[in-house]
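Let's read this structure together, one feature at a time. Keep the sequence and the 3D view open as we go.

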Amino acid sequence: MIVPSMSVQEIHKEVFNDIKNLQSKIEECRNDFRKTILKSKKYPFTKSYDCKTRDRQNLFIVDFTAMKRSDWKKPIISIYGIYSRPEGKYAVIPTLEMNTISIHPPHFFKRYRERIVRDESVSSENIIRQYFRKDWGFMGAVINDDFESVYYCFENDNENDKVSFVAATSQGYCFGEKQGNVNIIKTIISEEMLFENQRKVFTELKTAFDLYNKERYGIDIL
């Protein structure tokens, strides 16, 4: 189980050790999704499944997505975990092929609620679920002075905070810090928050993200 005393590297080890225990549950979810998707008339279609591992009791959410009806044979599968610490709820996303995890702390979801969702009535856990149901990956770049100045413009209460990368996503721009094989996703800003002179430095990143997803999924990701 992920506990408050764990370091980010210990969380990485816990996630990768425990996710192996999800295989049988994922297959059960896949079979259910196949039945569900064949009845759907609206695409893309996503269905989420809560999967708690039996021995270690970690909660993973498995999202199955079909871009079109025929995708019931090979849906897009994404997995993330939710865990708690005294300061709030975190999310952790494993990237199996790269042996990395990305951790989204409570501050990230606080900013997501304020800047993107703009709805104080949604619970902390549902904010997390909402974010990942609308998430289509990201296109990242190493931070430079221009990106860094934008980060501190909107996170001026964290002047001593470090960021090492910026990423375009389907819901805005994220900033984070890489710690070995762990990415800490610290905050998010919307396109509308940027001043005209700031938007220029993000244009190439956003264009690359849009083109990548167009090629990968065959549709425009909004």
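Q: Is R30 buried or exposed?

A: Burial is read from relative accessible area: under 20% is buried, over 50% is exposed, and anything in between is partly exposed (1.4 Å probe, protein chains only). R30 has a relative accessible area of 18%, so R30 is buried. Before we go on, note that this is a predicted model, in which local features need pLDDT of at least 70, side-chain atom pairs count only at pLDDT 80 or more, and totals for chains, interfaces and linings use all residues. Residues are numbered from 1 along each chain as its sequence is written, and side-chain values use heavy atoms, with hydrogens and water left out.

Q: Which residue forms a salt bridge with R30?

A: A salt bridge here is a side-chain nitrogen of Lys or Arg within 4 Å of a carboxyl oxygen of Asp or Glu. For R30 the partner is E27, with the closest N and O atoms 3.4 Å apart. The two are three residues apart in helix α2 (residues 23-37), so about one helical turn separates them. E27 is partly exposed, at 37% relative accessibility. Helices (H or I, at least four residues) and strands (E, at least two) are DSSP runs, numbered from the N terminus.

Q: How many salt bridges does that rule give?

A: The count comes to 16. One of them joins E114 and R111, at 3.0 Å from N to O. Both residues lie in helix α3 (residues 106-117), three residues apart, or about one turn. R111 is buried, with a relative accessible area of 10%, while E114 counts as partly exposed at 33%. This pair belongs to a network of salt bridges that links K110, R111, E114, R115 and E155.

Q: Are D55 and R54 buried or exposed?

A: D55 is exposed, with a relative accessible area of 65%, and R54 is exposed too, at 70%. They form a salt bridge with each other, the closest N and O atoms being 3.7 Å apart.

Q: In what order do the strands of the sheet run?

A: Two strands pair if DSSP finds at least two bridges between them. Here nine strands make an open sheet with mixed pairing, in the order β1-β2-β3-β4-β5-β9-β8-β7-β6. β1 (45-52) and β6 (138-142) are the edge strands, each pairing on one side only.

Q: Which strands does helix α1 lie across?

A: Contact means heavy atoms within 4.5 Å. Angles run from 0 to 180 degrees between N-to-C directions, using axes fitted to C-alpha atoms, for helices over the stretch in contact. Helix α1 (residues 8-18) lies across β2, β3, β4, β5, β8 and β9, and runs at about 115° to β5. Helix α4 (residues 124-133) lies across several strands as well, including β1, and runs at about 25° to β4.

Q: Where does helix α6 bend?

A: A bend is the angle between axes fitted to the seven residues ending at a residue and the seven starting there. α6 bends by about 45° at F202. F202 is also among the buried residues of α6, which include L205 and F209. What covers these buried residues includes β3, β6, α5 (145-154), β7 and β8.
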